[in-house]
Amino acid sequence: MKLTILLLALVGCVAAASFPYKKEVKIADKDFLFKQKFLFEIVYRVEDPLMFEEWIKFGDKFIVDKSYYTKFDYYMEKFYESYKYGALLPKGEFFGAFAKTHHKQAWGLFNFFYFAKDWDTFMRNVAWARIHVNEGMFVYALTLAVIHRPDFEGLFLPRIYEIFPQYFFNSKFIYEAEKFDYEFWSKYVMYEKEYKDIFYKGKNYYNDNSYFFTKDWKTWQWWKMMGLGEHWYQDDKYFLGTKYTTYSKDPVWIEALHDVKVWWMPVDYTRDIEFYNDESYLSYFTEDLDWNAFWYYLNMDYAFFLDGKTFGLNKDRRGEYWIYTLQQIVARYYQERLSHGYGEIPYFSWYHAYEYGYDPELIYYNGVGYTYRKNYWQFDTYGNYEVFNKIQNYFSRFDHIIDQGYYQMADGTKFDLRDPKAVEYIGNFLQGNIDTFDKFFFNYWYVLAQMYFGDVDYYDFKVYPNVFLNPETMLRDPMFYSFHKLILEKFYYFTYHLKPYTYEELYFPGVAIKEVKFDAFYTYFDFTDFDVTNLLNDKMVFDDGKFVWDKTLLARQSRLNHKPYTYEIFVEADKKQDVVFRVFLGPKFDEYGRVFSLNENRQNFVQIDKFFYTLESGKNDVKRSSKDYFYWVGDYTTYTEYYKYIMFAFEGKYDFPLSITEPHCGFPERLVIPHGWVKGMPMQLFFFVTPYHGDHSQFSNFDYSYSCGVGSGTRYVDELPFGYPFDREIDEFDFFVPNAFFKDVKIFHEEKYEKYFTKQYEHFGSFDYSYYNY
């Protein structure tokens, strides 16, 4: 019971302040825990043969009887035919979600999972697929099914970087993890201790550790400053992250994990600085695991081939939401560039060389490395002119219909593209999803673009690993932002034809923001541990049929974070009324110190808060914290910890609250604020309050504490356009209304590594746990 209270406090209490009401916490029953146990064990070391006898017995037969499904469609038939004739993507081969031949098979497998009438059918098909189907395709289809099946609310899988660490960590670390051997490590560490005892006791000039001077690499190679090497360490203090201080003091947590041996290893980012190109200096940001996982889950929630009617995605304004989220990602990346003086995102042109190459330093689990791109790459060297010409045709057609102001289909149906609500059509087109208004001309263009970048043709089946072929690896490459900025330019071309908001439309009669007070913003680098136990090649042990999870591998990485902040908004209102506050963070100057025009700068603002509030008549003091916005999420509980909690609950040792499952869809809260400067990076906050526009209660038909509510139609605070009022061109003569407020702010950066390279580290040769002041 103590653990229940602890986890509820960690997950539920902070976000609750944003919501109009709270729901009663649900406790998992035995049936739920059985299903959750199955999902966690079925993806354990997924590239290895399935070792759980409990599930192997269910995977002996693939259920193809149509009576077991609510729907049996073309893609299911084709998948089964491919299986019968031995034409499925073989196990061990690279799977690309944006490779056309792979996608069609994954679609069929997903449908077998999604349309299964009951859990037993679903479980048997999943167990069968785990044994017989390509590993990447299996995880892709299973993840989609768990997210979208309405009867699976609350069930979840480990994070994608825990299932496939190969997509997120460099090959050097992957090799070290896969060859980890407990017996060898035990002997090695004993000899190493004897060596260090002699080395550090001796009096020689190395003792001042001056030869470990690594100031220029502090973002990555922090371990050198602590006198550590890139190998495995065992320690009784583990699972670093924002939850460590709370978890480690709870006796139930300690009991659950007391028999687990834990090793961690320092992990580097891609480092091609100077000898490759300067863009890789931002790899601490572009290769951040949570940053990349966010894009992955967005593209799983609103996968391009899932139709809005069947899956309810049209109720979520899927097209508008996708393009708005893309705009926010590119804007956030631009802010990070500004913090290092890089300025504009490099321009992308199909007909000119792209200046910045990229080597992801990734290796697929079959041992094949990811392809890289040289500096000044010419796109026409791909030679796939059929796909190239189709992509150009899509862009040309888009420009044409925007200029024309409407789109007319073959049956005479017209779509007015001067109507602001047409943003949904535009978003669907730019994603290339199945809900686009003319599937014959516009469907799948985005997939073709990723295939082109990945050097994949229509009918290629054996595909070499490329970061553009899966959403979880795309954001690593600087070209992602250049190309998607080009997509956003098409979106801005649509908004250019919409009339700017008038003063009357923006003005909120009787409501005025008088002042805003806030804490200073501070960024810094901290450490966290990511669970990479799926890379472990140790022999699996079972005791009386139960899996013994007694070893865990962790990747310890430095990452960008910021200190918690609060602010107060002082508002005057002439009556009691429901309102919505929007808070944006944007740049003040460009890389040359020039002030942006507001209309130009509107594309660079990132929304950092949005919340419902009831104003009282008179003066209002609205207090908010950086932890209040439900859309931001903190550190996730690790695969190992979750499994131990599930088994504890399964054995009846405590109540398992569903709220500990942490929705997969939130944006990482620690990345909301860009890297600051020691002297303070000038930025600006924008506050805007509007009447509440909505005819439904947010979260009314799902529980936000453990569900994302995809397809519910009630995910959003109100019904105003995403990004409002920056969603259209701005007329500065009309924009400044009493219910809007700009405030200058500086973002400072604390250099916490300074103590290591300015003086001798007292405990040289061991990790500095005092870094957190534990």
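Predicted model: local features only at pLDDT ≥ 70, side-chain atom pairs only at ≥ 80, totals over all residues.
A salt bridge here is a side-chain nitrogen of Lys or Arg within 4 Å of a carboxyl oxygen of Asp or Glu.

**View 1. Glu162, a buried residue with no salt bridge.** Start at helix 8, which spans residues 160–163 and holds Glu162. The nearest side chain of opposite charge belongs to Arg159, and it is 6.5 Å away. Look next at what surrounds Glu162: beyond its neighbours within four places in sequence, it is in contact with Asp531, Asn534, Thr637, Thr638 and Tyr639.

**View 2. Lys644 in helix 26.** Helix 26 covers residues 639–650. Lys644 has a relative accessible area of 11%, so it counts as buried, the cut-off being under 20%. Setting aside residues up to four places away in sequence, Lys644 touches Ala256, Leu257, Asp259, Val260 and Trp549. Take a moment over Ala256: it is 388 residues from Lys644 in sequence, yet their C-alpha atoms are 6.0 Å apart.

**View 3. The second largest pocket, with a volume of about 820 Å³.** Of its 43 lining residues, Glu320, Glu719, Leu720, Pro721 and Phe722 are the closest to the centre. Helix 17 (318–339) gives the most to the lining, with five residues. Helix 23 (478–496), helix 24 (503–506) and strand 16 (681–691) each supply at least two.

Technical notes. Residues numbered from 1 in each chain as written. Heavy atoms only, no water. 1 Å grid on protein atoms, 1.4 Å probe; cavity = no way out; pocket = protein on both sides within 12 Å on 5 of 7 lines; lining within 4 Å. Points joined across faces, edges and corners; volume = space filled by probe spheres on them. Helix = DSSP H or I, 4+ residues; strand = E, 2+ residues; numbered from the N terminus. Buried < 20%, exposed > 50% of the residue type's maximum accessible area, 1.4 Å probe, protein only. Lys, Arg positive; Asp, Glu negative; His and termini not counted. Contact = heavy atoms within 4.5 Å.
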